[in-house]
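I opened my notebook to look at how the pieces of this structure pack together. My entries follow the order in which I looked things up.

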Amino acid sequence: MTRDIALGQFIPGKGVIHKMDARVKILLLIAFIVLIFCTFNFISLGLITASVVAVILLSDIPFKMYLKSLKVIILIIVITSLLNIFYGSGEPLVQFWIFKITLSGIYRAVFVTVRIVCLILISSCLTFTTSPTDLTDAIERLMKPLKIFHIKVHEIAMMMTIALRFVPTLLEETDKIMAAQKARGADMESGGMIKKIKAMTPVLIPLFVSAFRRAYDLAVAMECRCYQGGDGRTRMKILKMKKLDWFCVAFTALVLIGVILCNIFFPAAI
Amino acid sequence: MSFISVENVKFSYDEDKKNVLNDINLKIEQGEFVALLGHNGCGKSTAAKLLNAMILPDEGVVIVDKMNTSDEKLTYEIRRNVGLVLQNPDNQLVASVIEEDVAFGPENLGVPPEEIRERVDRALKTVDMYEYRKHAPHKLSGGQKQRVAIAGILAMQPTCVVFDEPTAMLDPNGREEVMNTILTLKQNGITVVLITHYMNEAVMADRVIVMDKGVVLTEGNPREVFSQVNLLKKHSLDVPQATELAYKLLGIGLKFDEMPLNTDECVDYLEGVLK
């Protein structure tokens with residue numbers, strides 16, 4: 001059962017987005033998220049939607065995967081858009097009891113829906129196309145300036161790396177322990193929710209003990225390999241901005257300018 | 001002066017408890033392949049950790065390549081020189097990609113990026129795992145993981161590698177892979193200290209040191225050591241299967257010029273007798 005859990009959502013591929021520098025991807029994602037919330041009329045909203053669609057078309061990920069990620073938040077979308085419909089101001093189109101639906105309410109609902117959908121699509125695109133290792137590596141490098149605030153960037157990144165490394169190992173171990181406990185007559189399938197959770201105790205305790213033992217071993221192994229924290233450490237991989245990355249930065253900059261111009265020259269819809 | 005020398009070392013993990021190592025003396029020459037034997041709790045693993053300054057002696061000195069392990073300024077230089085490979089291959093790998101794991105050591109040492117790349121490739125080729133460099137550790141077999149762990153040590157360019165029961169958790173195939181890798185290291189001029197429970201592995205060494213209760217019981221080349229079957233038996237230690245057979249045959253009146261150490265030698269001898 002535990003074997004089916006995929007690590008992160010990374011889907012290996014050879015698309016343009018896969019090849020991008022993970023640092024650039026993270027920064028551009030942030031830029032896109034800000035832009036998505038800076039759209040005030042239908043033209044700029046259309047522009048940002050078109051660019052998000054362009055990005056996910058380029059990403060070499062089956063569209064089915066994106067639909068899956070949208071499925072999770074469909075309830076949130078429905079609720080927020082319904083709330084927004086009734087929150088509009090101005091001349092009501094339809095009115096019953098204390099509820100009234102106005103044109104501006106409908107506009108609001110459309111905006112909120114499109115924004116959330118775009119947000120999910122573009123962030124899924126990052127997690128689909130970037131391996132967890134690349135992601136932690138990029139986060140470490142991007143957070144480096146935070147060192148001046150005495151944030152232990154290297155240590156945080158090291159913890160993330162080790163956690164990622166041991167997730168599959170510990171999952172495998174959980175499987176083994178569950179099999180061992182079942183062989184001794186442990187019942188983990190029957191009963192209600194609470195009984196099932198209680199039945200996990202004989203699995204979790206050995207798992208914790210073993211995790212601590214592993215941690216001790218790993219600490220010894222790391223010290224044997226001269227680990228002494230982040231100071232004086234070099235990295236094998238040098239991340240360099242390639243032409244592709246600059247192109248993507250330029251693309252995002254164009255979208256940014258487009259959105260700003262649309263916001264200035266066309267009347268705001270909400 | 002020997003490459004590694006352990007002189008009159010005493011050590012205990014807990015001050016009140018009795019010593020794990022009791023006045024032990026070891027000498028290991030450059031380029032030598034030494035096997036360290038002894039049953040559980042005799043202090044072998046403690047001795048291994050002594051050699052790379054993971055633990056420091058309570059009394060006595062440990063000198064590695066003219067460096068005293070008690071000198072804190074030299075700790076990392078000693079650890080770079082003397083690599084330690086542990087028993088459980090899973091718990092030694094740090095990164096989720098093989099080549100990044102091998103790079104961990106040199107990265108800690110502050111080696112420039114281009115050189116790390118070179119060292120990683122060379123180390124992976126030495127242990128014959130180069131084509132797996134982009135794989136994730138949990139997809140490999142035990143023997144392969146252990147070879148990656150060895151590559152991780154090799155990338156630090158050590159002069160000596162200490163193996164603490166590297167094959168204890170492996171299947172026969174994995175054991176053979178790792179032993180072949182260890183023999184390759186020896187051919188490359190690296191000093192090898194192998195702690196093991198398997199007598200047929202100890203037989204491949206240049207010299208065998210047998211430990212018991214924190215002291216050296218006996219040492220010498222494998223033939224010398226394993227000829228003392230009585231002594232080893234008395235301390236509940238094994239001898240290679242072929243030697244065991246020969247020892248039992250001694251009891252029924254067969255005579256051996258020297259005790260056989262492996263199956264081939266034993267078969268040759270028995271053939272001579274039976275003809």
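**Entry 1: two helices of chain A.** I note at the start that this is a predicted model. I looked up which residues join two helices of chain A. From H7(A), the residues in contact are Pro132(A), Thr133(A), Thr136(A), Ile139(A), Glu140(A) and Met143(A). They meet Val153(A), His154(A), Ala157(A), Met160(A), Thr161(A) and Leu164(A) in H8(A). I sorted the residues of this contact by type: 7 are nonpolar, 4 polar and 1 charged.

Next I checked the directions. H7 covers residues 132–143 of chain A, and H8 covers residues 153–183 of chain A. Their axes come within 9 Å and cross at roughly 175 degrees. An angle over 145 degrees counts as roughly antiparallel, so that is how I describe H7(A) and H8(A).

**Entry 2: a sheet in chain B.** I looked for the strand order. Chain B has an open sheet of 4 strands, in the order S2-S1-S4-S5, and the pairing is antiparallel. Which strands stand at the edges? They are S2 (21–28) and S5 (67–68) of chain B. Each has a single partner strand, so one side of each lacks a neighbour in the sheet.

I reminded myself that strands of a sheet pair through backbone hydrogen bonds. Then I took one pair. S1 (residues 4–11) of chain B pairs with S2(B) in the antiparallel sense, over 5 bridges. For Ser5(B), I found the bridge partner Lys27(B) in S2(B).

I also found a helix against this sheet. H1 (residues 44–51) of chain B lies across S1, S2 and S4 (59–64) of chain B. H1(B) runs at about 125 degrees to S1(B).

**Entry 3: where the chains touch.** I looked up how many residues each chain gives. Chain B puts 34 residues into the contact, and chain A puts in 26 residues. On the chain B side, H2 (75–81), S6 (82–85), H3 (98–109) and H4 (113–126) each supply at least two residues. H3(B) gives the most, with 7 residues. By type, the chain B side has 17 nonpolar, 11 polar and 6 charged residues.

**Entry 4: a helix of chain A.** H10 (residues 201–224) of chain A has 24 residues. From first C-alpha to last, H10(A) reaches 35 Å, close to the expected 34 Å. Which residues of H10(A) are buried? I found Leu218(A), Ala221(A) and Cys224(A). What covers them includes H2 and S6 of chain B. After H10(A) comes Cys226(A), with a positive phi near 65 degrees.

Definitions and conventions:
Residues numbered from 1 in each chain as written. Chains lettered and ligands numbered in written order. Predicted model: local features only at pLDDT ≥ 70, side-chain atom pairs only at ≥ 80, totals over all residues. Axes fitted to C-alpha atoms, helices over the stretch in contact; angles between N-to-C directions. Parallel < 35°, antiparallel > 145°, perpendicular 65-115°, else oblique. Contact = placed C-beta atoms within 7 Å. Nonpolar A, V, L, I, M, F, W, Y, C, P; charged D, E, K, R; others polar. Pairing = 2+ DSSP bridges. Expected span 1.5 Å × (residues − 1). Buried ≥ 20, exposed ≤ 12 C-beta atoms within 10 Å, placed from the backbone.
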